[in-house]
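Here's a quick briefing for anyone meeting this structure for the first time. Have a look at it, then read on.

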Amino acid sequence: MRARAVAFAPGRVNLIGEHTDYNDGLALPFAVTLGVRVSGTAVGEPRIEAHALDLGEVDAFELAAEPGGADGWRAFVRGAVAELLAAGVPVGGARLEITGDVPQGSGLSSSAALEVALCLVLIALSGADPLEPLELARIGQRIEHRWVGTRSGLLDQLASLFGRADHAVLIDFRSLGVEPLPLVLGEHRLVTLDSGERHANAASGYNRRRQECAQACAALGIASLRDARLEDLAGLPDPLRRRVRHVVAENARVLATVAALRAGDLAAVGALLDASHTSLRDDYEVSTEAVERAVARLRGAGAIGARVVGGGFGGHVLGLLAPGASPPAGAIPVAPGPGAQLLDRD
Ligand code: GLA
């Protein structure tokens, strides 16, 4: 058992490949420099005391009993402890201090950042061997499924864990292969802009979209939408046809974006971001009026591509600004930073 451990885990921006992860598809996210930092100290009693410093809130519970559910950030702490114990990590009593600068409800994965940072600290304090990143990502996903209520895929956790400065990561959710790709933007800049509408996957249509994809697979007789082909869609009822069309086309756009980045063709990247947005708005229907207004503001300010990011239904939108364009008021510059890591322990 260690006396103290500190971890940082970043949020992420998904450059492209939205709502593909739970369909065995492709995505191209990058970890951002914003994230969550958890500092943990072992305590003598079998008790967790967690302090959300930015909110001035506390959660405390005994380790002996299965912790009950809770709302907001507390669900992540209770979920992390319970899922690590279930995975065989001998979590001991600890005092945890949590701070972060990923705006919550932004679609920039403050959730995954919190899950990953909590798990890294609790594992380090327990003295257990570090978990493989994929296993850690799956624990984060179980926290989402069982404690938060979002049937999310592995995009956010893998992006947070495999982030690398100056790189995006190409993730194939079928093979779970992760390949770093230099994100060379020249004079172009990526920014996010708050739509002003808080996004919360558990309460949004996110889980319904997942169900629709499962229904489409059953109707098409395939195991996952990675196997769907556009020519098979004619017989599917609406909206399933449009949902599948989005997923199939979005996977193709991820590969096209990789090719455009390798060729340094940022105009093509911008056009692909725009096409992704149109598809997410019209076929996948995860945009909102507030999101549309934010996308329009980015385009008005000189974005050559702009789109809804993450689960959608509010949150921030992403824009690729042309050289020299001034971002609209309130826009946040986003750049690829390193992945989750233990910062210090003794
Ligand atoms: C949320 C989920 C991810 C992914 C995206 C949409 O961020 O947590 O697993 O499905 O939405 O691409």
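The buried residues of α3 are covered by, among others, α1 (72-86), α2 and α4 (155-162). Helices here are DSSP runs of H or I with at least four residues, strands are E runs of at least two, and both are numbered from the N terminus. Keep in mind that this is a predicted model: local features need pLDDT of at least 70, side-chain atom pairs count only at pLDDT 80 or more, and totals for chains, interfaces and linings use all residues. Residues are numbered from 1 along each chain as its sequence is written, and side-chain values use heavy atoms, with hydrogens and water left out.

**More on α3**

- Helix α3 covers residues 133-148, which makes 16 residues.
- From first C-alpha to last it reaches 21 Å, close to the 22 Å expected at 1.5 Å a residue (the expected span is 1.5 Å times one less than the number of residues).
- Its buried residues are L136, A137, I139, G140, Q141, I143, E144 and W147; buried means under 20% relative accessible area, exposed over 50%, and partly exposed in between, using a 1.4 Å probe and protein chains only.
- Just after α3 comes G149, with a positive phi of about 95°.

**Nonpolar cores**

- The largest nonpolar core has 48 residues, and I48, V77, L96 and L118 touch the most other members. Such a core is a set of buried Ala, Val, Leu, Ile, Met, Phe, Trp, Tyr and Cys residues joined through side-chain atoms within 4.5 Å.
- Helix α2 (residues 110-126) gives the most to this core, with 12 residues.
- Leaving aside residues up to four places away in sequence, V77 touches I48, A50, F61, L96, I98 and L118 (contact means heavy atoms within 4.5 Å).
- Another core lies apart from it, with 30 residues, including L225, L233, V244 and A325.

**Salt bridges**

- There are 27 salt bridges in the structure, each a side-chain nitrogen of Lys or Arg within 4 Å of a carboxyl oxygen of Asp or Glu.
- D227 and R174 pair up at 3.1 Å, N to O. D227 sits in the loop between α5 (206-220) and α6 (240-262), and R174 in the loop between β6 (167-172) and β7 (177-182), so this pair ties together parts 53 residues apart in sequence.
- R262 and E179 also form a salt bridge, with their closest N and O atoms 3.1 Å apart. R262 is exposed at 56% relative accessible area, while E179 is partly exposed at 38%.
- R243 and E285 bridge with closest N and O atoms 2.9 Å apart. R243 is in helix α6 and E285 in the loop between α7 (266-282) and α8 (289-300), so parts 42 residues apart in sequence are tied together. R243 is buried at 4% relative accessibility, whereas E285 is partly exposed at 34%.
- One network, joined by salt bridges that share partners, takes in R209, E212, D238, R241, R242, R243 and E285.

**Two domains**

- The domain assignment, which is automatic or from a database, gives domain 1 (4-178 + 336-345) and domain 2 (184-333).
- Their C-alpha centres lie 24 Å apart.
- On the domain 1 side, 34 residues are in contact with 41 residues of domain 2.
- Three salt bridges are found across the interface of domain 1 and domain 2.
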